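Please read the following report beside the sequence and the 3D view, which are shown first. The report turns to one helix and then to pairs of aromatic rings.

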Amino acid sequence: MKPKKNPNAEIGRNSGLYFMIGLTSVLFMTWQSFEVKFYEEESKVSEVVQVTDELKEDVPITEIIRTAPPPPPPSAPDVIEIVEDVEDVKETVIESTESSQETYIEDVVVKIEDVEVEEVEEEIVVPFAVIEYVPVFPGCEHLQTQTERKNCFNQKVQEHIKATFNYPPSALEMGITGKVYVQFVIDSNGQVTGIQKRGPDKLLEKEAERIIASLPKVKPGEQRGKKVSVKYSIPINFVMQN
C-alpha cells in the first residue's frame, strides 16, 4: 500500500532544527547588542570675553557738610589774685535742754474748781436667787409676792424653751444628745445679754443660744430702789425619744 503524502513535502519534519537555528540567532544578536559601545562626540566650547574700552558708572553726588571749628580754650589770666577770707563765721551754739539741780521750776497751781470729776456708774450684777425685786416676765405682773414672781419667771422661761425648741437635724442624724448649761444676764433695760453656754457639742450650744436670745423683754430687777442687771442660769437637756 502506498503512502498518501510525499515524505519530502512534510513541513513539520525539520521544525526542531529550524527552532534551534532561530533561537541561536536571537541569542547571538542579543549578545552583540550588549557588546556595542557608543561614544559621545566632544563638543568644542569657545570662550568669548567682551572687553569694553569705557566704563561708565553713575557716581552719587554727595554734599560736604562743613562744621564750625570748636572755640579755642580760654587763656589763663596773667596775674592770679589771692583774696583773703576776712569774713567771720558765727558758730551756732546749741543750748542743752537738760535741767540741773540749780534750775528753779515755778510751782503750778491748779484750782480744784477747774477740774470736772465725772461719776462712773459701776454696773452691778446680782444673782437671781438673792435679788430684792426679781425681773417680771410678761404675764406675771398680777402677782404680788416676790416668791410668786420668781416661780412665775422660772415657769415662763421653761414654757418659752419648750415652745421654741428645735432639735438640730445634724445632731439628730449623728445621735448627739446631752445637757447644755446656759447663763445669761438681764440688764437694767430688761434685755437679754451676755449669753454663755457649755455643752457636749457646738450644734446643741448654738441651738440653746438661739432659744435664750429669743426671750422677750422683761421688767428689769431692782436692788435698793435701783434697776440692776440680774444673772440667771438654766440647763437645757437635749434628749431623743424613741
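Asp 201 caps the N-terminal end of helix 4, where one of its side-chain oxygens lies 2.9 Å from the backbone nitrogen of Leu 203. The model is predicted, so local features need pLDDT of at least 70 and side-chain atom pairs count only at pLDDT 80 or more, while totals for chains, interfaces and linings use all residues. Residues are numbered from 1 along each chain as its sequence is written, and side-chain values use heavy atoms, with hydrogens and water left out.

Helices (H or I, at least four residues) and strands (E, at least two) are DSSP runs, numbered from the N terminus. In helix 4, the residues Leu 204, Glu 205, Glu 207, Ala 208, Ile 211 and Ile 212 are buried, where buried means under 20% relative accessible area, exposed over 50% and partly exposed in between, with a 1.4 Å probe and protein chains only. Seen down the axis, these buried residues of helix 4 fall within an arc of 165°, so they line one face of the helix; the arc is that of the directions from the helix axis to the C-beta atoms. The face of helix 4 turned away from this buried side carries the exposed residues Lys 202, Lys 206 and Ala 213.

Rings of Phe, Tyr and Trp (its six-membered ring) pair if their centres lie within 6.5 Å, and planes under 30 degrees apart count as stacked, over 60 as edge-to-face and the rest as tilted.

| Pair | Centre to centre | Angle between planes | Kind |
|---|---|---|---|
| Phe 128 and Phe 153 | 5.2 Å | 35° | tilted |
| Tyr 167 and Phe 238 | 5.6 Å | 90° | edge-to-face |

Both Phe 128 and Phe 153 are buried.

Notes:
A polar contact is a pair of N or O atoms within 3.5 Å; within protein, one must be able to donate a hydrogen and the other to accept it, and residues adjacent in sequence count only if both atoms are side-chain atoms.
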